[in-house]
Amino acid sequence: MSLRRPRFQEEEDAQAINISPLIDVIFILLIFFIVTMSFADSEALKVDAPNSSESEKLEQAAATILIGADSRFVFESKECDSKELVRRLSSRSAGTKSVVIRADSRVPVDRLVEAMDCAKAAGVENIYVSADRK
C-alpha cells in the first residue's frame, strides 16, 4: 500500500503565478502619478518675480505673458517680439479679456510698459502684473 497522495488537477493550477494583483497596483500607481502631476506653463521660462505684501489672487483665467531676465517676451511657450505678441494676443483676445504679465525682477520698467502697450493694442481690457507674496 502506497502512502502517496493522489495528484489532482487543482494542485497544478495552484503553482501558476497570479499577476492580477500586480496589475491592480500598477494601475493605482499610474492614476496617482497622473493626478499629482502639475501642468504649468509658467515653468517654460524661469522668472524671479518681485515680492509684494499687497498681492492678491486672480479669480478668473487669464493669458500670461512672461518676460525673462534677458527682456525677451514668451507667450504660450514661444518666444516672440512685440509685433508678434500683439498678433498672438489679438488672435486669442476673442475669449480672453485679461492678461497677466509675469516679469523678472531685473527687467527694466520700459520693457514692462512695452508689454502693457502690446496688450492694450491687442484689445485686452484688464492687465495685471504678477508678484510673489512676501
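Buried here means under 20% relative accessible area, exposed over 50%, and partly exposed in between (1.4 Å probe, protein chains only).

View 1. Helices (H or I, at least four residues) and strands (E, at least two) are DSSP runs, numbered from the N terminus. Along the sequence they go α-α-β-β-β-β-α-β-α-β-β. Of the 134 residues in the protein chain, 26% are buried. Take the contacts (heavy atoms within 4.5 Å) between residues at least 6 apart in sequence: 73% of them join residues at least 24 apart. Since this is a prediction, local features need pLDDT of at least 70 and side-chain atom pairs pLDDT 80 or more, while totals for chains, interfaces and linings use all residues. Residues count from 1 along each chain as its sequence is written, and side-chain values use heavy atoms, leaving out hydrogens and water.

**View 2. Cys-80 and Cys-118, with no disulfide.** A disulfide is a pair of cysteine sulfur atoms within 2.5 Å, and the structure holds 0 of them. The sulfur of Cys-118 is 8.4 Å from that of Cys-80, its closest cysteine sulfur, so it is too far for a bond. Cys-80 is buried, at 8% relative accessible area, and Cys-118 is buried too, at 7%.

**View 3. Ile-34 on helix α2.** Helix α2 spans residues 20–36 and carries Ile-34. Is Ile-34 buried or exposed? Ile-34 is exposed, with a relative accessible area of 53%.
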